Amino acid sequence: MNKRTTEREAVAELRDGMTIGIGGWGSRRKPMSIVREILRSSVKDLTVVTYGGPDVGLLCNAGKIKRLVYGFVSLDSIPLEPHFRKARQAGAIQAAELDEGMLQWGLLAASHRLPFLPTRAGLGSDVLAINPDIKLVRSPYADGEELVAMPALELDVAFIHMNRGDVRGNGQYLGPDPYFDDMFCRAAKRRFMSVEKIVETSAMANEGPLQTRIINRTMVDGVIEAPGGAHFTECPPDYGRDEKFQSAYAATAKDDAAWQEFKKTYLDLENEAEYQKAVGKR
Amino acid sequence: MSQSGIGGGAATRGEICAVAAAEAFRGNGEILASCFGTAPAVGARLAKLTFEPDLLMTDGVCTVVDNPAPVSGPAEPAVVEAWLPFRTIFDHLWNGNRHVVMAASQIDRYGNHNFACIGPHAKPKAQLLGMRGAPGNSISHTTSYWVAAQTKSVFVDQVDIVSGVGYDRAAKLGKASTRGHDVRFVISNLAVYDFQTPDHRMRLKSVHPGVSVDEVVANTSFELVIEGKVPETRQPTDEELRLIREKIDPKGFLNKEVPNPA
C-alpha cells in the first residue's frame with residue numbers, strides 16, 4: 001500500500017463550505033505547506049476547527065474562512081495572532097469561540113462517533129451565549145447535574161504534520177507534545193498527514209521510542225513528504241520556530257505595503273518548493 | 001517591616017505585588033500553580049522557594065519542573081518531574097488540582113472576568129486573548145486574577161463578556177457544578193482583594209504600602225466592601241527580596257510590568 005500524495009492533490013479534494021481540522025497547536029507543528037496550498041486554491045467559505053496559529057491568520061487574510069471554531073489563536077511568542085485580530089475586529093469571520101477544553105471534548109466526541117460529551121467547562125460563562133447551538137444536558141443519575149453537552153466536531157477533512165511517517169500512513173511525532181493530532185484524524189472523513197521525512201516502516205523504531213508512534217495507518221488517507229513543511233512554526237527536534245520570519249509576518253498586519261511584499265515574496269508562488277527556496281534566500 | 005539593603009533599598013511596587021501573589025498560594029500544598037503575568041510568575045516561584053515547597057510548576061510548555069526558570073529565562077537545566085502535554089492539562093485541571101492566576105482585562109464586583117474581547121463579540125472593538133481556558137478553569141479549580149494597572153475601565157460595573165465565572169453566576173448553577181468554583185484573590189498594582197463577604201462581593205483586603213483607600217476607590221467603578229481600617233499589604237522580607245532580585249527576576253522584569261510610583 002502506498003498513500004503518497006502531494007499538497008496539491010490533497011487540497012484538490014476540498015470543496016467550498018467544507019469543515020476542515022488543522023492539527024498542531026498555536027505556532028507549533030502546523031501543516032503549513034498544506035495551508036499554503038489552500039491559499040493557492042480557489043476554495044472558499046471553509047469552517048476551520050483548530051488550536052489556532054498562523055494557519056488561521058493566513059487563511060483569514062486570504063478570505064478562506066467563513067466560520068472559525070477555536071479556543072485561541074496565538075503565535076506563542078506573540079500572544080495574539082495579529083492577522084486574526086484584524087479579521088475579528090473587521091467582523092470578517094463567524095467566531096465560534098470555545099473554552100480550550102471544550103474544543104478537545106468536541107474532537108474526542110467526534111472521534112468516538114458520539115453526539116456529544118458532557119463537561120462543566122462553559123457553565124456560567126458567556127461561551128454558551130456566543131454559541132447558542134450548544135445545549136445543556138441533565139445527568140440521568142441521582143445527582144441530576146446539568147452539564148454542557150459539547151457537540152461532536154465532525155470534520156470533512158483533517159490535516160496534520162508529523163516528524164516521520166511511512167508511505168502507508170503510520171506517523172511519528174518526535175517533539176515534546178502530541179497535541180490533539182490523533183483526535184483530528186479520528187474526527188475526520190478524509191485525513192492527510194504531511195511529514196518532515198518519509199522513512200521505511202522498519203526504520204521508524206530507530207527514530208524515537210514506541211510512545212511517539214501515535215498515528216496508525218487506519219487514521220490516514222494520504223501522506224505528503226514536506227521537509228520544512230511546518231515552517232515558520234516549530235517542529236522540534238527537526239527545527240525550532242523561525243522567530244525572525246514570524247515577527248516579520250506579524251508586523252505585516254499593521255502595514256499593508258509590507259503585507260503585499262510578504263504575499264508576493266512568500267505566498268504568490270507556484271508551489272511549496274518555491275516557498276522553501278524563497279525562505280532559503282533570506 | 002523590613003527595609004532591605006539588598007539591590008539598593010526598599011521594595012518596589014512590583015516586588016510588593018509579587019509577594020502578594022506569593023501569599024495567594026499560601027496553604028495550597030501539593031497543587032499545580034499556573035501563572036500569567038510577571039508578578040504572579042515571580043510570586044509562585046517565591047512561594048515555592050520559601051513557604052510552599054510542594055507546589056508544582058510547569059515550564060510553560062509540557063513538563064512539570066522542580067526548578068522553575070527565572071522569569072527572564074533558564075539559568076540551569078530543568079529538573080523534570082513529570083510530562084504534562086496539552087491533552088492531559090484538561091484532565092488535570094478538571095480534576096481540580098490547580099490554582100491559576102490569570103490576567104484580567106475587566107473584572108466586576110462578583111469576580112466575573114473578561115480577557116476575551118472588548119465590545120460586541122460578533123465584531124469586537126478589541127479582540128483580546130479569547131476565551132482560552134478561563135471558563136473551564138474558573139468552574140473547576142481555584143482561580144485568582146492579576147491586574148497590572150488598575151483603573152475604572154478594568155474594575156468595571158459589568159464585563160463586556162464573561163470568560164471566567166464569578167460568584168453571582170456560579171450561585172445560579174447549583175452545588176454539584178460549582179464544587180470546584182473558588183475565585184480566591186484579585187491582586188492589582190494598588191491592592192489585594194478577596195470575596196470573603198456574605199454575598200461574595202469583592203472586598204478590599206489590603207492596600208499596598210504608599211496607596212490610600214481613596215486611590216483604590218477612585219480606580220474602581222463599583223462599590224467595594226471596605227471594613228474598618230484596611231491593613232497594608234505586607235513587605236517582603238530581606239530573604240524574599242534577595243530571592244526575587246538575585247534568583248527569580250535578575251533582570252527586573254517586575255519593575256517594567258509595574259512601574260514604581262514616583
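This is a predicted model: local features need pLDDT of at least 70, side-chain atom pairs count only at pLDDT 80 or more; totals for chains, interfaces and linings use all residues.

Reply: Residues are numbered from 1 along each chain as its sequence is written, while chains are lettered from A and ligands numbered from 1 in the order in which they are written.

Me: How many helices and strands are there in chain A?
Reply: Helices (H or I, at least four residues) and strands (E, at least two) are DSSP runs, numbered from the N terminus. By that count, chain A has eleven helices and eleven strands.

Me: Why is chain A called as compact as a globular protein of that length?
Reply: The radius of gyration is taken over C-alpha atoms, and the globule rule is 2.2 Å times the number of residues to the power 0.38. For 282 residues the rule gives 19 Å. Chain A is close to that, so it counts as compact as such a globular protein, with a radius of gyration of 19 Å.

Me: What share of the residues of chain A count as buried?
Reply: A residue is buried if 20 or more other C-beta atoms lie within 10 Å of its own, exposed if 12 or fewer, and partly exposed in between; C-beta atoms are placed from the backbone. Of the 282 residues of chain A, the buried share is 50%.

Me: How many residues of chain A are in contact with chain B?
Reply: Two residues are in contact if their C-beta atoms, placed from the backbone, lie within 7 Å. On the chain B side, 30 residues take part. On the chain A side, the number is 34.

Me: Which elements give two or more residues to the side of chain A that touches chain B?
Reply: Both strands and helices of chain A contribute. They are strand 3 (65-73), helix 4 (82-89), strand 4 (94-97), helix 5 (100-111) and helix 6 (127-130) of chain A.

Me: In what order do the six strands of the open sheet in chain B lie?
Reply: Two strands pair if DSSP finds at least two bridges between them. The pairing in this sheet is mixed. Strand 1 (32-35) and strand 13 (203-207) of chain B are the edges, each pairing on one side only. The order is 1-5-10-11-12-13.

Me: At what angle do helix 2 and helix 7 of chain B pack?
Reply: Axes are lines fitted to C-alpha atoms, for helices over the stretch in contact, and angles run from 0 to 180 degrees between N-to-C directions. Helix 2 and helix 7 (residues 238-248) of chain B have axes 11 Å apart. Their angle is about 115°.

Me: Which residues of helix 7 of chain B make the contact with helix 2 of chain B?
Reply: Helix 2 of chain B brings B:Val42, B:Arg45, B:Leu46 and B:Leu49. Helix 7 of chain B answers with B:Glu240, B:Leu243, B:Ile244 and B:Ile248.

Me: Against which helices do the buried residues of helix 7 of chain B pack?
Reply: These buried residues include B:Leu241 and B:Arg245. They pack against helix 1 (13-24) and helix 2 of chain B.

Me: Which residues form the covered face of strand 5 of chain A?
Reply: In a regular strand the side chains alternate between the two faces of the sheet. In strand 5 (residues 116-119) of chain A, the uncovered face has A:Phe116 and A:Pro118. The covered face has A:Leu117 and A:Thr119.

Me: Which residue is the bridge partner of A:Phe116?
Reply: Strand 5 and strand 7 (residues 146-151) of chain A pair in the antiparallel sense over four bridges. In strand 7 of chain A, the partner is A:Pro151.

Me: What is omega for the peptide bond from A:His231 to A:Phe232?
Reply: Most residues other than glycine have a negative phi, and most peptide bonds are trans. A:Phe232 is in the loop between strand 11 (222-225) and helix 9 (243-251) of chain A. The bond from A:His231 to A:Phe232 is cis, with omega near 10°.

Me: Is B:Arg132 buried or exposed?
Reply: B:Arg132 lies in the loop between strand 9 (126-127) and helix 4 (134-140) of chain B. Its phi is positive, near 45°. B:Arg132 has 23 C-beta neighbours inside 10 Å, so it counts as buried.
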